[in-house]
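Visitor: Could you walk me through this model, feature by feature? I'd like the general idea each time, and then the case at hand.

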Amino acid sequence: FGTLEEPSVSREEFNPLCGDRVRMDLQITDGVITEVRFSGRGCAISQASASLLTDELRGMKVEDAKVYRKEDLLELIGIPLAKNPVRLKCALLSLKALKAGLYGVGHIHDDDEEE
């Protein structure tokens with residue numbers, strides 16, 4: 001939990017249905033996520049999901065993170081959420097922030113690229 005001082009990627013997402021906020025910060029070196037932090041506030045599901053996702057992402061290639069599936073995250077969480085769309089949205093908020101950041105919707109800076 002926390003933020004990175006100068007992340008390569010930083011993106012915050014908000015769930016207006018329940019007020020959850022999750023920010024994902026990633027440090028990327030040579031195409032690999034070398035450090036990741038999350039911050040935010042909200043229900044236990046959104047915060048636990050973000051925490052579990054950070055553990056999965058550390059050391060992962062960016063290309064693999066871009067194709068990380070919601071089913072993969074839901075399996076990590078280990079509780080059935082498919083029949084509760086509001087809770088499902090909470091659980092996937094960190095994944096939404098990750099994907100938006102990696103696909104260029106958030107602040108992005110690769111340490112290896114020239115400015």
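What follows is a short tour by question and reply.

Guide: Some ground rules first. This is a predicted model, with local features needing pLDDT of at least 70 and side-chain atom pairs counting only at pLDDT 80 or more, while totals for chains, interfaces and linings use all residues. Residues are numbered from 1 along each chain as its sequence is written, and side-chain values use heavy atoms, leaving out hydrogens and water.

Visitor: How many helices and strands does the protein chain have, and in what order do they run?

Guide: Elements are DSSP runs numbered from the N terminus: helices are H or I with at least four residues, strands are E with at least two. Here you get five helices and four strands, in the order β-β-β-α-α-α-α-α-β from the N terminus on.

Visitor: Which way do β1 and β2 pair?

Guide: Two strands pair if DSSP finds at least two bridges between them. β1 and strand β2 (residues 20-29) are antiparallel, over seven bridges, and asparagine 15 sits opposite aspartate 20 in β2. The two strands make a hairpin with four residues between them, and glycine 19 in that turn has a positive phi of about 90 degrees.

Visitor: And how many bridges join β2 to β3?

Guide: Nine, again with an antiparallel run. Arginine 23 faces serine 39 in β3. This hairpin has two residues between its strands, with aspartate 30 in the turn at a positive phi of about 50 degrees.

Visitor: What share of the residues counts as buried?

Guide: Buried means under 20% relative accessible area, exposed means over 50%, and partly exposed is in between (1.4 Å probe, protein chains only). Of the 115 residues in the protein chain, 43% are buried. Helix α5 (residues 93-102) has eight of its 10 residues buried, so it is largely enclosed by the rest of the structure. Those buried residues include Leu93, Leu95 and Leu98. After α5 comes glycine 104, with a positive phi near 95 degrees.

Visitor: Which aromatic rings pair up, and how are they oriented?

Guide: Rings of Phe, Tyr and Trp (its six-membered ring) pair if their centres lie within 6.5 Å; planes under 30 degrees apart are stacked, over 60 edge-to-face, and the rest tilted. There is one such pair in the structure. The centres of phenylalanine 1 and phenylalanine 38 are 5.1 Å apart and the planes at 85 degrees, so the pair is edge-to-face. It links distant parts of the chain, 37 residues apart: phenylalanine 1 is in the segment before β1 (9-15), phenylalanine 38 in strand β3 (residues 32-41). Phenylalanine 1 is exposed at 66% relative accessible area, whereas phenylalanine 38 is buried at 6%.

Visitor: What lies over the face of tyrosine 103?

Guide: A charge sits over a ring if NZ of Lys or CZ of Arg is within 6 Å of the ring centre and within 35 degrees of the ring normal. Lysine 66 does this for tyrosine 103, at 5.2 Å from the ring centre.

Visitor: How many disulfides are there?

Guide: A disulfide is a pair of cysteine sulfur atoms within 2.5 Å, and a search of the whole structure finds zero. For cysteine 43, the nearest cysteine sulfur is that of cysteine 90, 3.8 Å away. For cysteine 90, the nearest is that of cysteine 18, at 3.4 Å. Cysteine 43 is buried at 17% relative accessible area, and cysteine 90 is buried at 0%.
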